[in-house]
Structure formats: structure tokens, C-alpha cells
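Have the viewer open as you read.

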Amino acid sequence: MRRRAFTMLAPALTALALSGCSGRDGTLGPSQSTLRVGALGASTDNLNPLMANGQADYIAIRHLYETLVELRDGVVTPVVAQSVTPNEGATRWTIVLRDDAILAGAGTTARPVRAADAAYSLSLLSDPSRSPGYASFYQDMDAASIEVVDDRTLVVPLTRPRADFLSTVLAFASFIVPEGFEDWTAPVGSGPYELEAYEPGSRIVLKARQDHRGGTPAITRLEISVINDPQTRMNALKSGEIDVATRLDPVIVKAEEANPDIIIHRGSTADAQVLGFEMNVKAPPFDDPSVREAVKLAIDRQEMVSTVLFGEGQVGNDLVGLGLEGYASDIPQREHDPSRARELFAQAGVTQISIRAAEIAPGLTSAAKLLVDQLAAAGVTATVEPVEADAFFADMEVVLSTPMQVAYYLNRDAGAYLGSFSGSTGFFNISGYAPAEFDELLARAQSTLDAEARAELFGQAQRKIWEEGGTVLWGYQTVLDASIPGLKDMGLAQGIPVFDRASLSRS
């Protein structure tokens with residue numbers, strides 16, 4: 001998907017003096033201050049955060065570049081920004097930068113982040129030719145009219161009121177680079193690490209900065225290896241080749257649960273992926289609301305979580321944002337009712353359904369196959385159309401016109417999700433659900449400054465999606481990582497592992 005992981009860079013811990021140790025075979029092993037990470041990757045030319053592809057690159061970018069604000073555990077927190085405040089109409093946002101964020105990189109002279117840097121960075125993010133993945137989020141920002149007031153202050157004008165600009169836009173992606181920066185092969189950022197080596201599709205090495213405002217991280221060197229198969233990542237962890245294996249499948253985790261040499265790290269709901277299906281409300285047979293309801297009733301969400309995720313997750317209710325601010329918890333959990341689904345399918349004359357599926361997230365192809373059985377219990381014959389994962393989003397016209405297909409989302413607060421993935425302004429509205437009354441409701445919510453009133457309007461929007469939309473979200477998948485026992489305080493930022501506050505002890 002054209003989504004990017006939320007990059008959240010926070011102050012690092014004071015450095016700890018750590019010594020090397022011997023490997024399992026008695027030879028000299030990696031330093032205690034070096035952490036070796038195995039992650040899914042992609043062949044990209046550089047670490048341009050605007051164009052990154054693959055978790056390995058995301059992990060590196062998270063440690064090289066800081067953002068104006070960050071989302072950690074679902075809470076928006078200032079990072080490079082000291083404050084972000086709107087005017088009365090939420091059409092002009094004043095950003096004041098902290099005075100101790102320092103830009104640095106190989107071959108450059110360290111200097112403080114300036115307002116001109118932030119203005120340039122936001123302009124980059126809003127440029128579709130430079131930032132195809134993020135520009136849609138910044139479509140309401142008037143980049144040409146950003147005003148640099150002084151070295152630490154800038155004013156960002158919007159083309160319409162957006163009271164959610166902070167949580168929906170800036171918290172999603174607001175990387176800061178120097179004004180005029182172009183050479184992505186030599187990253188310059190204000191994060192706690194700098195680039196030492198980059199081998200596209202193979203290996204990334206970062207070294208801790210000595211001049212970061214939070215002190216030098218305890219882990220002074222990150223070695224990120226691209227290992228695309230999750231079982232191979234686990235095998236590398238077990239053999240001592242790496243210290244952390246990221247993004248593991250539930251079946252792999254279950255097999256190693258009792259292994260004393262492996263520590264399983266489970267993310268919170270705030271860092272989960274939301275798994276499901278999208279029905280295109282403009283394409284038959286899903287242009288009939290009763291058919292959409294029938295599919296929602298035919299799905300056994302608990303069976304999906306138990307069978308596909310091996311219980312490593314939570315049942316979904318066709319909404320994003322569980323456990324986060326603004327989630328409409330008053331909406332009742334949709335129940336499994338195959339008998340009613342059978343009646344609705346029969347009334348609509350629907351006997352066959354096709355599901356486009358790919359493993360764009362672990363378990364989605366298995367979920368599609370299980371749905372075939374569940375739909376059969378409701379009198380419908382379903383078939384799965386398999387697609388290679390790397391080709392699933394290759395043709396957006398196909399994605400936006402397919403009647404039914406698998407889908408996943410990163411768990412975000414309700415307002416951020418609705419603003420990005422629903423309505424006529426949603427840049428990635430797969431279901432096509434965008435009735436005029438919903439658009440009006442969403443626009444009112446986005447422009448309402450009072451937090452309580454805004455939450456109420458977003459709640460109404462969630463109910464309309466739940467009742468009428470084409471989105472089926474059956475479960476929340478816990479982020480599953482594994483490490484050697486000595487790793488402490490590894491964090492997660494929207495599913496991306498972060499190590500700037502971590503420490504490592506090798507036995």
C-alpha cells in the first residue's frame with residue numbers, strides 16, 4: 001500500500017560502556033553495544049524517507065531522521081517541534097521548534113534545525129512528484145505560502161479548516177531534512193544515529209551519534225540485514241547470526257514459545273495491523289447494501305483470529321482504532337449470523353463471489369481461504385484469485401475497481417484513519433464509500449476545534465462506515481518480534497521496532 005510507517009524519533013538514553021564478549025563457539029562475537037537485526041527489505045537505491053520500501057529501510061530511517069511530532073502508543077508527542085498550535089479557524093498552524101535538535105551527517109557540519117528546514121521538508125512531503133506516498137496527506141496544505149517567521153517559528157496555512165492536522169497529517173509523516181537537501185545517499189538528520197554503510201536490498205549499518213541531545217544511545221551500532229523470509233529470520237536468530245528477528249508469523253512464534261534462548265516481543269493494540277476485506281460499493285454485487293451486510297454477518301471473526309492468527313490478536317468490529325483515542329466503543333460488536341446472511345444473499349440472488357488475495361500481510365491468503373468456507377455456510381460459492389504480493393498494488397486502477405479483495409491497515413486513531421481511507425477526499429478509499437452526507441460529516445469533524453465535539457462527529461462517521469460501508473475488519477494482528485534474552489527496552493512506533501532507548505547484554 002501507499003502507506004509509510006510512522007517515523008517517531010525520541011531522545012536516546014545516556015551511553016553505557018559495554019565490552020565485547022565471546023561467541024557461542026568461543027570465538028570473539030559481536031560487541032555488546034552492536035545490535036544485529038533481521039528484517040524484510042526491498043531493493044532501493046538510498047534511504048530517501050519519501051520513497052522508502054521495506055521494513056529494513058523503515059527501521060534505518062526511523063533512527064536517522066526525526067519528525068516534528070511522533071505517535072507512540074497512540075499519543076501524539078512533540079519531537080523536533082516544541083509546540084504546534086492552530087488559529088481559531090484551524091486554517092493556520094504555528095509551529096515552534098525546540099532549540100536543541102541538531103542536524104548532522106557524514107561530511108556535514110552539525111547545526112540546529114531551523115524553521116526554513118521544516119518549511120522545506122513539509123514542501124517536499126506535499127509534492128506528488130517527490131513524495132507520492134505522502135503528498136495526498138498534505139493535499140490541504142498551501143506549501144507555497146508557508147511563512148518562516150524566525151529561525152524557530154513557521155506558520156503553515158491550509159486551504160480548508162483541519163482541526164486534525166496535527167494527529168492526522170504531521171503525526172503520520174513529518175521528516176525533517178536540511179533546507180535544499182537533495183543527496184539521499186548521504187542522509188542528514190537530527191536522529192540519534194547516522195549512516196555508516198548502505199547496501200541496497202542487503203545490509204544497512206548505523207552508528208550512534210555522540211552529539212544527540214539525549215546522549216549517545218546504549219546500542220552504539222545497528223546492523224540491519226535484509227532477510228525476506230520470516231522462517232529464515234527466525235533460523236538466523238536461533239543460530240546466533242542476528243539478535244532480533246522482526247515481523248514473525250504466529251505459527252513460527254508458537255513453535256518457539258517454550259525456547260529459553262528466544263524472547264518473544266508482542267506489540268500493543270496501538271501498534272497492531274488491522275486485517276480484513278474491502279468490498280467495492282460501486283461494483284456488483286456489493287453496490288447492494290444488503291449484500292455487504294450479508295458478507296459482514298457471514299464472517300466468523302473469532303474463528304479468523306483463532307485459526308489464522310493462532311489467537312495472536314483481537315477480534316475486530318469493522319473499525320480501525322481499537323484501544324486508541326476516539327474509537328467508537330459504543331458500537332455493538334457485529335455477531336456471526338450465517339442464517340441471516342443466507343437469507344440476505346438469497347433475496348439479492350447472489351450465489352457466487354470472487355476474492356482477490358495476496359500475502360500483503362501475514363495470514364491474509366489464509367483468511368481468504370477460510371472465508372470461502374464461511375460463505376459456503378451462508379449458501380454462497382466463493383473463489384480466491386491469488387496475486388503475488390509485490391504485484392497486488394502495482395496497478396491502482398485494478399485495486400480501486402476490484403469488487404472484493406483482502407486489505408490491511410496500521411492501527412491509527414479513528415480521525416486519522418477516516419480522513420485518509422474513506423470519503424471522496426480519502427487518498428486510498430478502496431471500498432469507494434463516499435456518500436455526500438458522509439463527506440459532509442467528515443468535513444465537519446475535521447474542522448471542529450473542540451476535542452469533545454470533534455470526537456462525537458468522528459463517532460457518527462464510524463457508525464455510518466460500520467452500518468453502510470464496504471469495509472470488513474475481522475481482526476487486529478499483534479506485531480510479533482523475537483530477540484535474544486539480553487535485549488531490553490526495545491520499542492515500537494506504529495509497528496516499526498526502535499532501539500534508541502534499548503540496551504543489550506550478551507551472556
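## A serine in a loop

Ser431 is buried, with a relative accessible area of 4%; buried means under 20% relative accessible area, exposed over 50%, and partly exposed in between (1.4 Å probe, protein chains only). Before going on, note that this is a predicted model, where local features need pLDDT of at least 70, side-chain atom pairs count only at pLDDT 80 or more, and totals for chains, interfaces and linings use all residues. Residues are numbered from 1 along each chain as its sequence is written, and side-chain values use heavy atoms, with hydrogens and water left out.

Where does Ser431 lie? Look in the loop between α11 (414–421) and α12 (436–447). Helices (H or I, at least four residues) and strands (E, at least two) are DSSP runs, numbered from the N terminus. The side chain of Ser431 makes a polar contact of 3.3 Å with the side chain of Asn429. A polar atom of the Ser431 side chain also lies 3.2 Å from the backbone nitrogen of Tyr433. For polar contacts, the rule is a pair of N or O atoms within 3.5 Å; within protein, one must be able to donate a hydrogen and the other to accept it, and residues adjacent in sequence count only if both atoms are side-chain atoms. Setting aside neighbours within four places in sequence, Ser431 is in contact (heavy atoms within 4.5 Å) with Glu278, Met279, Asn280, Val281, Lys282, Gly470 and Thr471.

## Another loop, and a covered helix

Pro178 sits in the loop between α3 (165–170) and β10 (193–199). Buried or exposed? Pro178 counts as buried, at 12% relative accessibility. Its contacts, leaving aside neighbours within four places in sequence, are Leu103, Arg111, Asp117, Tyr120 and Val188. Pro112 is 66 residues away from Pro178 along the chain, yet their C-alpha atoms are separated by 9.7 Å.

Helix α6 (residues 289–298) is mostly covered, with 7 of its 10 residues buried. The buried ones are Val291, Arg292, Ala294, Val295, Lys296, Leu297 and Ala298.

## Zooming out

The protein has 13 helices and 25 strands, and 58% of its 507 residues count as buried. Its radius of gyration, 23 Å, agrees with the value near 23 Å for a compact globule of 507 residues; the radius is taken over C-alpha atoms, and the globule rule is 2.2 Å times the number of residues to the power 0.38. Among contacts between residues at least 6 apart in sequence, 71% join residues at least 24 apart.

## Charged pairs

A search of the whole structure finds 26 salt bridges, each a side-chain nitrogen of Lys or Arg within 4 Å of a carboxyl oxygen of Asp or Glu. Here are some of them.

| Glu257 | Arg266 | 2.9 Å |

Glu257 counts as partly exposed at 37% relative accessibility, and so does Arg266 at 40%. Glu467 and Arg463 are separated by about one helical turn, because they are 4 residues apart in helix α13 (residues 451–468). Glu468 and Lys464 are likewise 4 residues apart in helix α13. Glu468 is partly exposed at 30%, whereas Lys464 is buried at 17%. Elsewhere, salt bridges that share partners join Asp140, Arg160, Arg162 and Asp164 into one network.
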